[in-house]
Amino acid sequence: MTARADEELAERARKLFAGPIEFLKSAPELKFLPDPVSPEIAFAGRSNVGKSSLLNALTNRKTLARTSNTPGRTQELNFFDVGQPIELRLVDMPGYGFAEAPKDLVKRWRHLVNDYLRGRSVLKRALVLVDSRHGLKEVDREMMRMLDDAAVSYHLVLTKSDKVKPSALGPLYETTALEAAKHPAAHPSIFTTSSETGSGIGELRTAIVEAATV
Ligand SMILES: Nc1nc2c(ncn2[C@@H]2O[C@H](COP(=O)(O)OP(=O)(O)OP(=O)(O)O)[C@@H](O)[C@H]2O)c(=O)[nH]1
Ligand SMILES: [Mg+2]
């Protein structure tokens, strides 16, 4: 892409995310999914990694998605319509990998997410959020394999970058990129973000709009 086209895309993304965005619905089961009328971008990641906070930061809203210190706050697929008329849909998925999760819940989560990932033709890309303080964990690798198997392309996003020393971010990026390269559906672009400071948020907006457009 030319520098000019890049800038235009960034500007389009900025405007889109500054405009109308609305919570559409929660789907606790597959049968409650909305009609697939627009491209979708899904947010995945361990519980408490900052999925809902990232959604709020991307959309410049404080309380669009519910955030919390209690792991497992988000237990359904939550759909947010971006643009009016709608241009794309953001999907906040339930977090995985918290110790206290009852087995039944984990099973239900796995089915819901797996069915959604495999059956959704409008799903253009997923974002797999990884806490910058911890790096990739086994549960993240499981999620990555699930996406590889479903052939859904995804970006890794290193969240809460404000919580680690700037000098640690480079090595973290390198090890994460090396591992991503082994996964067929992992996109080579990895993002580093902070919902607290806004770092990396603009770049991620642009990537989302780009993924929704192709
Ligand atoms: N310092 C800092 N804190 C963050 C950031 N993003 C999220 N947090 C905090 O981390 C906690 C969890 O954030 P959520 O956005 O609710 O996490 P989640 O991934 O949606 O969690 P579940 O819905 O349980 O899966 C909250 O206390 C947030 O304030 C960040 O970029 N920087
Ligand atoms: Mg959440």
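This is a short tour of the structure above, stop by stop, with something to select at each one.

Before you click, note that this is a predicted model: local features need pLDDT of at least 70, side-chain atom pairs count only at pLDDT 80 or more, and totals for chains, interfaces and linings use all residues. Residues are numbered from 1 along each chain as its sequence is written, chains are lettered from A and ligands numbered from 1 in the order in which they are written, and side-chain values use heavy atoms, leaving out hydrogens and water.

**Stop 1: the sheet.** Show the cartoon, with helices (H or I, at least four residues) and strands (E, at least two) taken as DSSP runs numbered from the N terminus. Seven strands make an open, mixed sheet in the order β1-β3-β4-β2-β5-β6-β7, where two strands pair if DSSP finds at least two bridges between them. At the edges sit β1 and β7 (191-192), each pairing on one side only.

**Stop 2: strand β3.** Select residues 77-82. Six of the six residues of β3 are buried, so the strand is largely enclosed by the rest of the structure; buried means under 20% relative accessible area, exposed over 50%, partly exposed in between (1.4 Å probe, protein chains only). Leu77, Phe79 and Asp81 point one way, while Asn78, Phe80 and Val82 point the other.

Strand β1 (residues 21-27) runs antiparallel to β3 over six bridges, and serine 26 has asparagine 78 as its bridge partner. Strand β4 (residues 88-92) is also antiparallel to β3, joined by five bridges, with aspartate 81 opposite arginine 89. Five residues separate β3 and β4 in their hairpin, and glycine 83 in the turn has a positive phi of about 95°. Step across to β2, which pairs with β4 in the parallel sense over four bridges; look there for phenylalanine 43 opposite aspartate 92.

**Stop 3: an aromatic pair.** Three aromatic pairs are present in the structure. Pick phenylalanine 79 and tyrosine 116: their ring centres are 6.3 Å apart and their planes at 80°, so the pair is edge-to-face. (Rings of Phe, Tyr and Trp, its six-membered ring, pair if their centres lie within 6.5 Å; planes under 30 degrees apart count as stacked, over 60 as edge-to-face and the rest as tilted.) The two residues are 37 apart in the chain, one in β3 and the other in helix α3 (residues 103-119). Both are buried.

**Stop 4: the cores.** The largest nonpolar core has 33 residues, and Leu77, Met93 and Tyr116 are among those with the most contacts inside it. Such a core is a set of buried Ala, Val, Leu, Ile, Met, Phe, Trp, Tyr and Cys residues joined through side-chain atoms within 4.5 Å. A second, separate core of 29 residues includes Leu16, Leu55, Leu90 and Val157.

**Stop 5: helix α2.** Select residues 51-58: seven of the eight are buried, so α2 is largely enclosed by the rest of the structure.

**Stop 6: α3 against α4.** Their axes come within 9 Å and cross at roughly 35° (axes are lines fitted to C-alpha atoms, for helices over the stretch in contact, and angles run from 0 to 180 degrees between N-to-C directions). Show the contact residues (heavy atoms within 4.5 Å): they include Trp109 and Leu117 of α3, and Met143 and Met146 of α4.
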